[in-house]
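Please keep the sequence and the model in view while reading.

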Amino acid sequence: QVHLVESGGGLVQAGGSLRLSCVVSGGTFSRYSMAWFRQAPGKEREYIASVSWDGSSTYYLDSVKGRFAISKDNAKNTVYLQMNQLKPEDTAVYYCNPNYGTAWDAYDSWGQGTQVTVSS
């Protein structure tokens, strides 16, 4: 069973930046495509970014494209999400997972997530 620990969230003003990290254990991280999701209050969890197993290919939800950057370090078993030009609508709990597609309810388990709050 994969264990996921997200960190790096916090309170930031609009226009600011944060870098989220997710350490993955219990699996062969280097073989995983990885994804980031987020869940805002009262909304469904949404798939916002993914990176291929070797880091060569990425995907972004339109609302974060050009502002967020996903990357992975196979030597550290860690996936990152660099978030720039943050907006209040980015406020959410952020989660990572090995990438099994965009449907959040297809995933068996989650980490505790990390809270990102963007003030206007």
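Which residues line the largest pocket? The lining is made up of Gln 1, Val 2, Asn 97, Pro 98, Tyr 100, Ala 106, Tyr 107, Asp 108 and Ser 109. The model is predicted, so local features need pLDDT of at least 70 and side-chain atom pairs count only at pLDDT 80 or more, while totals for chains, interfaces and linings use all residues. Residues are numbered from 1 along each chain as its sequence is written, and side-chain values use heavy atoms, with hydrogens and water left out.

**Largest pocket**

- The largest pocket has a volume of about 160 Å³; a volume is the space filled by probe spheres set on grid points, which are joined across faces, edges and corners.
- A pocket is an open set of points on a 1 Å grid over the protein atoms alone where a 1.4 Å probe fits, with protein on both sides within 12 Å along at least five of seven lines, and lining residues have an atom within 4 Å of a point.
- Five lining residues are nonpolar, three are polar and one is charged (Ala, Val, Leu, Ile, Met, Phe, Trp, Tyr, Cys and Pro count as nonpolar, Asp, Glu, Lys and Arg as charged, the others, Gly among them, as polar).

- Four strands form an open sheet in the order 1-3-8-7, with antiparallel pairing; strands are DSSP runs of E, at least two residues long, numbered from the N terminus, and two of them pair if DSSP finds at least two bridges between them.
- Strand 1 (3-7) and strand 7 are the edge strands, each pairing on one side only.
- On average, neighbouring strands of this sheet are turned by 15° against each other, direction ignored; the axes are lines fitted to C-alpha atoms.
- Strand 3 (residues 18-25) and strand 8 run antiparallel and are joined by six bridges, and Leu 20 stands opposite Leu 81 in strand 8.

- Strand 4 and strand 9 run antiparallel, joined by six bridges, and Gln 39 stands opposite Val 93 in strand 9.

**Nonpolar cores**

- The largest nonpolar core holds 27 residues, of which Trp 36, Val 79, Leu 81, Met 83 and Tyr 94 touch the most other members; such a core is a set of buried Ala, Val, Leu, Ile, Met, Phe, Trp, Tyr and Cys residues joined through side-chain atoms within 4.5 Å.
- Strand 3 gives the most to this core, with four residues.
- A second, separate core of six residues includes Phe 37, Tyr 47, Tyr 95 and Tyr 107.

**Loop residues**

- Asn 77, in the loop between strand 7 (68-73) and strand 8 (78-83), has a positive phi near 50° and is not a glycine.
- Asn 77 counts as partly exposed because its relative accessibility is 27% (buried means under 20% relative accessible area, exposed over 50%, partly exposed in between, with a 1.4 Å probe and protein chains only).
- Gln 85 lies in the loop between strand 8 and strand 9 (92-98); its phi is positive, about 50°, although it is not a glycine.
- At 49% relative accessibility, Gln 85 is partly exposed.
- Thr 28 belongs to the loop between strand 3 and strand 4 and is partly exposed at 38% relative accessibility.

Definitions and conventions:
Axes fitted to C-alpha atoms, helices over the stretch in contact; angles between N-to-C directions.
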